[in-house]
Amino acid sequence: MFIENAFSLFLKPAYSSIVVWNVGDNQPPHADKEHPDGSPNGTPFYDISSLIYINDNFDGGSIYFPNQNLEIQPSPGDFVCFPGDKEYIHGVKEITGGFRFTSPFFWTILSHGNPSDV
């Protein structure tokens with residue numbers, strides 16, 4: 001698997017879905033596996049977060065990472081992957097037109113090491 005090989009991890013899928021974002025929808029900055037103070041939230045097993053972007057016929061809706069001073073306006077088929085911890089707090093800017101479709105996937109780290117060595 002790409003993520004396992006890229007980061008030398010053994011992973012197990014934790015959750016996936018397809019999300020429809022409507023006009024007015026947004027998401028304030030957050031981490032997927034913990035609170036801003038580092039304490040666990042309701043999904044402490046979301047070690048790795050990833051998104052597949054399905055469409056681009058919408059306005060707004062970019063994902064942004066305040067700690068990295070990064071904003072991404074993705075294209076269909078783009079895959080974004082990042083750690084779920086507080087260092088990678090991220091949000092989604094308001095959808096101002098159309099519908100934004102994404103497929104988020106979350107992964108749990110089983111162990112560190114190179115999966116190709118197994």
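This is a predicted model: local features need pLDDT of at least 70, side-chain atom pairs count only at pLDDT 80 or more; totals for chains, interfaces and linings use all residues.
Asn55 sits in the loop between β4 (48-53) and β5 (58-60), where strands are DSSP runs of E with at least two residues, numbered from the N terminus.

The side chain of Asn55 reaches the backbone oxygen of Phe99 at 2.7 Å, and a polar atom of that side chain lies 2.8 Å from the backbone nitrogen of Phe101. Once neighbours within four places in sequence are left aside, Asn55 is in contact with Pro76, Phe99, Arg100 and Phe101, contact meaning heavy atoms within 4.5 Å.

## The largest pocket

The largest pocket has a volume of about 200 Å³. Of its 15 lining residues, those closest to the centre are Trp21, Gln27, Leu51, Pro104 and Phe106. A pocket here is an open set of points on a 1 Å grid over the protein atoms alone, with protein on both sides within 12 Å along at least five of seven lines, and lining residues have an atom within 4 Å of a point.

At least two lining residues each come from β2 (19-21), β3 (27-30), β4, β9 (90-92) and β11 (100-112), and β11 supplies the largest share, four residues. By class, the lining has eight nonpolar, five polar and two charged residues.

## Basis of the values

Residues are numbered from 1 along each chain as its sequence is written, and side-chain values use heavy atoms, with hydrogens and water left out. Local features need pLDDT of at least 70 and side-chain atom pairs count only at pLDDT 80 or more, whereas totals for chains, interfaces and linings use all residues.

Technical notes: A polar contact is a pair of N or O atoms within 3.5 Å; within protein, one must be able to donate a hydrogen and the other to accept it, and residues adjacent in sequence count only if both atoms are side-chain atoms. On a 1 Å grid over the protein atoms alone, a cavity is a set of points where a 1.4 Å probe fits but cannot get out, and a pocket is an open set with protein on both sides within 12 Å along at least five of seven lines; lining residues have an atom within 4 Å of a point. Grid points are joined across faces, edges and corners, and a volume is the space filled by probe spheres set on the points. Ala, Val, Leu, Ile, Met, Phe, Trp, Tyr, Cys and Pro count as nonpolar, Asp, Glu, Lys and Arg as charged, and the others, Gly among them, as polar.
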